[in-house]
Amino acid sequence: MSRALTIAGKEFRTFFKTPVAPIVLFAFLLLAGLLFFFVPDYFAQGQASMRGFFAYLPWLYLIFAPAIAMKMWAEERKVGTIETLLTMPLGEGTIVLGKFLAAFGLLALALALTFPVPIIVALTAASAVDPGPIAGGYLGALLLGAAYVAMCLFASALTQSQVVAFIIGVGLCLLFVVIGVEPVANVFPQGLGELLKGLSLLQRFANIQRGVVDTRDVLYYLSMLAVFLLLNAAAVKRR
Amino acid sequence: MTTAPERRRRSFALCVLLVAANLVLLNWIALGRFARVDLTRDRLFTLHEATCDLLAGLDDLVTLRVFMSEKKFREQAAYAAIPREIRDLLDEYAARARGKLLVEYLDPSDDSELRLEARGAGLHERSLQGFGEESLVVFTCYLGIVLSYGGKPDQVVEISYPIETLEYSLDLAIARLTQKETITIGFNSIRPRSGAGMRGLGAEAFDEHDIDGDYQTVKQALARQFEVERMPMDREIPAHVDLLVVHNVAHLDDRAQFYLDQYLMHGGKLVILAEGIERNRQVGVLAARPVLPDALFARYGFTIKRNLVLDQQCAPSDQGLPLYFIPELIERYFDPESPLMSGLKAFHVFEASAIELNPPAGVSGLVLARSTPGAWAQEGFFDTDTRTLRPPARLGEYRQFDMVGLLSGEFKSFYSDRALPEGVATSDRGPTRADFERQGLSLEEEEGEEEDAKEEQGEEPAEAPPQDPGEPETELPGAASVPFIREKSPQTAIVVIGNSRFLCNEIVRSAPGNLPFFWTLVDRLTVGSRLSEVQNRSAAPPSIKADLSPAEKRLVKYCGMLGMPLVVLVLGVLLFVLRRTRNVSVQVEP
């Protein structure tokens with residue numbers, strides 16, 4: 001684990017060696033703020049709630065998570081450093097975990113930087129805001145983000161082009177989001193539709209966002225994480 | 001022949017498949033065995049303590065027959081979660097009831113006999129909209145619970161979705177099934193029979209309320225747990241009335257005031273709903289009420305002001321304009337200690353007046369709810385035109401007003417030092433059977449004791465009605481058929497609200513906090529249970545402060561949107577410049 005953390009630290013610092021991380025963080029925070037405060041107008045709704053913020057998050061992640069993860073493997077493969085990396089006495093699992101932690105760390109940082117939003121909500125509320133759904137929302141957002149990053153890392157491991165990795169990542173995440181949307185789930189036969197809805201990232205996120213942490217939802221996210229990190233390792237090994 | 005790397009890759013792929021299969025299996029197993037942590041402040045998604053107490057107190061088996069068209073719900077993704085959520089909740093109920101609750105699930109989807117049984121029990125078939133292969137479809141289903149307990153008539157609970165209110169509905173049904181006594185709530189009436197002029201929220205309804213007219217929604221809600229009766233005020237208020245809601249105060253004539261007084265003196269509890277203003281029926285404008293039983297109210301320790309309280313914390317119109325005359329009373333300004341307000345978040349009053357408490361000796365007063373500090377009042381001239389009404393420019397005009405108050409203690413009769421109104425000498429005003437029961441005595445015992453005592457003294461048993469030895473009583477000169485009145489009440493309570501319109505049907509429907517507030521009052525003053533807390537738990541977020549100016553709102557929005565991104569941008573540029581400077585310095589070093 002310490003080796004994975006070392007790799008994660010190194011990868012995390014790499015994000016900030018180029019203007020990419022600040023630009024991505026700036027874009028994420030600006031979009032999140034714009035959507036929450038202006039679409040629709042926060043004050044016109046009349047309720048001091050963060051529901052709108054968390055409702056947009058899965059769709060924001062669709063762009064943000066692939067943008068973070070697309071270069072993690074594709075770049076290594078393109079410039080040829082992957083050979084050096086894989087010949088190190090670390091094992092694919094450790095490297096995959098390290099890269100995942102780095103990308104997830106950036107996503108968590110982005111999420112942490114939205115802390116003024118709940119403060120504003122609390123300050124503009126006529127009476128005390130319930131912190132439970134906010135805490136649940138942030139926990140759900142972290143779990144959802146972890147699943148997105150794992151998928152996008154896997155996408156990055158499939159190709160050496162960052163653009164292709166981005167597109168695959170968006171497609172993969174979108175797939176696990178839209179299968180939970182009713183019109184899509186209803187296209188399939190009833191049993192399959194129900195199963196697909198159960199696999200949807202969106203559905204599980206909605207459950208946690210209410211402020212209820214259910215072991216079934218947490219286990220689901222951890223399973224998604226495990227499967228895609230394993231697939232990531234398999235994809236790296238295959239090459 | 002496969003090479004070693006190929007074998008490794010295959011075994012790794014197999015390993016991935018096995019792990020994935022195990023995880024699917026684990027998730028499947030977890031569907032049946034799970035745990036939940038409820039992070040919400042009011043534990044919205046966990047059984048309330050009051051529910052747990054109710055279930056723990058069951059002394060006999062309660063059977064729940066759940067009619068649920070599971071097959072049809074499973075076919076529709078939008079409703080697929082319903083069976084799981086209901087089963088989860090009822091599993092918790094069964095666990096808490098420790099064997100005193102039997103839950104039976106019945107799916108009438110393909111069973112005509114079960115459908116007949118459901119209809120026979122009082123459940124209604126309902127139509128829901130779902131998705132078909134190519135278009136929207138409407139399907140019919142059953143979703144309700146029939147509760148049985150001992151030999152009592154079944155209670156029916158229709159389940160609405162989402163199921164947030166199911167816990168409360170179930171609790172009420174169980175409480176109603178298992179409660180030993182019937183609690184009666186009276187509403188004073190100015191009309192002799194029900195349905196005389198069913199009114200909505202017309203001009204007349206502002207000043208005359210009726211439980212079969214504009215208070216019908218409240219009546220229906222209360223009837224789920226209580227007996228609700230119309231109380232004519234031209235005669236004695238029966239002793240079985242546990243709580244009397246007085247809402248047509250302008251129509252309380254002298255006789256009505258006398259009966260009200262004596263009801264209170266016998267230990268009855270009162271909820272007074274009254275504003276000091278009324279709407280003129282002809283021209284529809286507000287004016288101060290010329291007639292109110294001010295002297296009676298003053299004796300009990302409160303005054304209804306002849307003003308209109310306006311507040312910046314108020315309901316918005318459909319166009320988003322602030323309706324200052326519909327103030328929102330919020331949790332922050334409720335008495336935090338009083339159980340009467342426990343768990344309540346907010347409610348609205350409609351064209352309300354302030355109250356003032358001046359409790360006499362032996363009575364204590366407590367303000368339960370105040371307006372916000374952003375409130376002001378109109379007196380004399382009243383303007384509620386949203387086009388012209390603006391908050392006052394002078395800060396000195398803003399203040400908080402007392403809107404709801406509680407008086408509790410031993411009240412002194414309004415008639416202890418004045419003549420009785422004419423025409424009240426209609427019946428015996430001596431202690432009734434209920435009076436004795438209230439004091440833990442039986443009428444027969446009391447009569448028997450008195451007769452025994454007199455027999456011991458060699459006297460003949462008296463035929464006069466028994467008198468309560470603990471209560472001061474006055475024989476009234478010239479009123480032979482009214483032998484005595486009570487001059488002092490036992491420990492009892494009056495709740496005063498400076499508004500009666502907040503319970504009108506349309507207001508209750510558009511202000512979701514009003515019914516829970518009134519229900520809580522009634523519940524706490526009568527049963528003293530905590531079931532209303534179950535209802536008061538709400539996932540609805542608080543409203544936004546109404547006293548923010550447009551400039552402040554713009555500032556909040558732009559700061560919220562741009563503040564942190566700009567910080568990140570500045571830090572990013574600084575980082576970039578620092579790194580560049582360092583790189584340059586490294587390059588110039590020999």
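Me: What share of the 590 residues in chain B is buried?
Reply: In this predicted model, buried residues make up 47% of chain B. The word applies to a residue with under 20% relative accessible area. The chain has 15 helices and 25 strands. Of its contacts with a separation of 6 or more, 73% are between residues 24 or more positions apart.

Me: What makes C559(B) partly exposed?
Reply: Its relative accessible area is 45%. Buried would need a value under 20% and exposed one over 50%; C559(B) therefore falls in between.

Me: How many disulfides does the structure hold?
Reply: Zero, over all chains. A pair of cysteine sulfur atoms would have to lie within 2.5 Å to be counted.

Me: Why are β3 and β7 of chain B called edge strands?
Reply: They belong to an open sheet of four strands with the order β3-β2-β6-β7 and mixed pairing. Both β3 (101-106) and β7 (155-158) of chain B pair on one side only. Neighbouring strands of this sheet are turned by 20° against each other on average, direction ignored. Helix α4 (residues 82-97) of chain B packs on the sheet, where it touches β2, β3 and β6 of chain B, and its direction makes about 160° with that of β3(B).

Me: What makes β9 and β20 of chain B the edges of their sheet?
Reply: The sheet is open, with seven strands in the order β9-β8-β10-β11-β25-β22-β20 and mixed pairing. β9 (227-232) and β20 (363-370) of chain B each have a single partner strand, so one side of each has no neighbour in the sheet.

Me: Which helix of chain B runs at about 175° to β25(B)?
Reply: Helix α13 (residues 514-526), which lies across β8, β10, β11, β22 and β25 of chain B. Helix α8 (residues 254-265) of chain B runs at about 120° to β25(B).

Me: How many aromatic pairs are there over all chains, and what makes F36(A) and F53(A) one of them?
Reply: The search finds 34. The centres of F36(A) and F53(A) are 6.1 Å apart, and the limit is within 6.5 Å, so the rings pair. Their planes stand at 90°; edge-to-face needs over 60 degrees, so that is the class. F36(A) is in helix α2 and F53(A) in helix α4 of chain A, 17 residues apart. Both F36(A) and F53(A) are buried.

Me: Why is the pair of F258(B) and Y259(B) edge-to-face?
Reply: The planes are at 65°, with the ring centres 5.5 Å apart. The angle is over 60 degrees, so the pair is edge-to-face. Both residues, F258(B) and Y259(B), are buried.

Note on methods: Residues are numbered from 1 along each chain as its sequence is written. Chains are lettered from A and ligands numbered from 1 in the order in which they are written. This is a predicted model: local features need pLDDT of at least 70, side-chain atom pairs count only at pLDDT 80 or more; totals for chains, interfaces and linings use all residues. Side-chain values use heavy atoms; hydrogens and water are left out. Two strands pair if DSSP finds at least two bridges between them. Helices (H or I, at least four residues) and strands (E, at least two) are DSSP runs, numbered from the N terminus. Axes are lines fitted to C-alpha atoms, for helices over the stretch in contact, and angles run from 0 to 180 degrees between N-to-C directions. Contact means heavy atoms within 4.5 Å. Buried means under 20% relative accessible area, exposed over 50%, partly exposed in between (1.4 Å probe, protein chains only). Rings of Phe, Tyr and Trp (its six-membered ring) pair if their centres lie within 6.5 Å; planes under 30 degrees apart count as stacked, over 60 as edge-to-face and the rest as tilted.
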